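Here are some notes for a first look at this structure. Please keep the 3D view open while reading.

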Amino acid sequence: MLRIGLTGGIGSGKSTVARMLAEAGIPVVDADQVARDIMEPGEPALARAAEEFGADILDTDGRLIRSELARRAFATEEATAKLNAITHPAIREEATRRLDACEAAGERAAVYDMPLLFELGLDEAMDLNVVVDTDVEERVRRLVEKRGLDEADVSNRIARQVGDEVRRTKADVVLDNNGSPGQLEEQVRALVARIDAAS
Ligand code: ADP
């Protein structure tokens, strides 16, 4: 099975591409969803986070209070590293399990939609790495206008990700999303044809 890594800076159009690929019949493992699932009650990563950051990050039903964890884990770099040491391996394991399940089900290809694909070196486990590339100003504009996000917050988050140049250099395929949604769709169609030919 062809494993396809999909990444892009926040607001680049990565989720839009993931949706198009799913519509073309290619299963998508969404790392953000995996990150939420490993913090459900009963999951070992949640128990470890409660040990590290205090039982106050859980409500009376044992569910994670995200704002409480964020307040503690993002207070210092050291605390953030501690949280990442708990969550990143768990996300990696669960995502691999889901990709393996796609393979066992006889899928010809599967996509791993992962914002931190290159940052965590996960691209190395993929057969094809796809980057959605959009100029920073355009990404900020779309996120502020279409998703109602705060401009300063968006710019901060972009500053904390790897630069576009790094992503472009590491990519096997770059989808340029500075144009219209139709132009993006055309490039995704070509990508699907390439995936079909390779799998
Ligand atoms: P990401 O998952 O990379 O953060 P999204 O796919 O959610 O980005 O796209 C960010 C926003 O920009 C969404 O509201 C999306 O509908 C919109 N968008 C994506 N591609 C285009 C495009 N080519 N033209 C205009 N808006 C777009």
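**Notes on helix packing and a buried arginine**

1. Start with the contact between two helices. On the α4 side, Leu69, Arg72 and Ala73 take part, and they meet Ala79, Thr80 and Leu83 of α5. By class, this contact holds four nonpolar residues, one polar and one charged. Please keep in mind that the model is predicted.

2. Now the geometry of that pair. Helix α4 covers residues 66–73, and helix α5 covers residues 77–104. Their axes come within 8 Å and cross at roughly 125°.

3. Helix α1 spans residues 14–23, and helix α9 spans residues 181–198. The two axes come within 10 Å, with a crossing of roughly 50°. α1 and α9 are therefore oblique to each other. Their crossing is right-handed.

4. Which residues in α1 and α9 meet? From α1 come Thr16, Val17, Met20 and Leu21. From α9 come Pro181, Leu184, Glu185, Val188, Leu191 and Val192. The residues of this contact divide into eight nonpolar, one polar and one charged. As a general point, an α-helix has 3.6 residues a turn, so residues three or four places apart point the same way.

5. Turn next to helix α6, residues 136–147. It has twelve residues. From first C-alpha to last, α6 reaches 16 Å, close to the 16 Å expected at 1.5 Å a residue. Directly after α6 comes Gly148, with a positive phi near 65°.

6. Which residues of α6 are buried? They are Glu138, Arg139, Val140, Arg142 and Leu143. The cover over these buried residues includes α7 (151–160) and α8 (164–170).

7. Last, check Arg3. This residue lies in strand β1, residues 2–8. Is Arg3 buried or exposed? Its relative accessible area is 14%. Buried means under 20%, so Arg3 counts as buried.

8. What does Arg3 touch, leaving out residues up to four places away in sequence? The list is Thr96, Leu99, Asp100, Glu103, Ala110, Ala125, Met126, Asp127 and Leu128. Asp100, Glu103 and Asp127 are among them.

How values were computed
Residues numbered from 1 in each chain as written. Predicted model: local features only at pLDDT ≥ 70, side-chain atom pairs only at ≥ 80, totals over all residues. Heavy atoms only, no water. Axes fitted to C-alpha atoms, helices over the stretch in contact; angles between N-to-C directions. Helix = DSSP H or I, 4+ residues; strand = E, 2+ residues; numbered from the N terminus. Parallel < 35°, antiparallel > 145°, perpendicular 65-115°, else oblique. Left-handed = near helix turned anticlockwise from the far one by under 90°. Contact = heavy atoms within 4.5 Å. Nonpolar A, V, L, I, M, F, W, Y, C, P; charged D, E, K, R; others polar. Expected span 1.5 Å × (residues − 1). Buried < 20%, exposed > 50% of the residue type's maximum accessible area, 1.4 Å probe, protein only.
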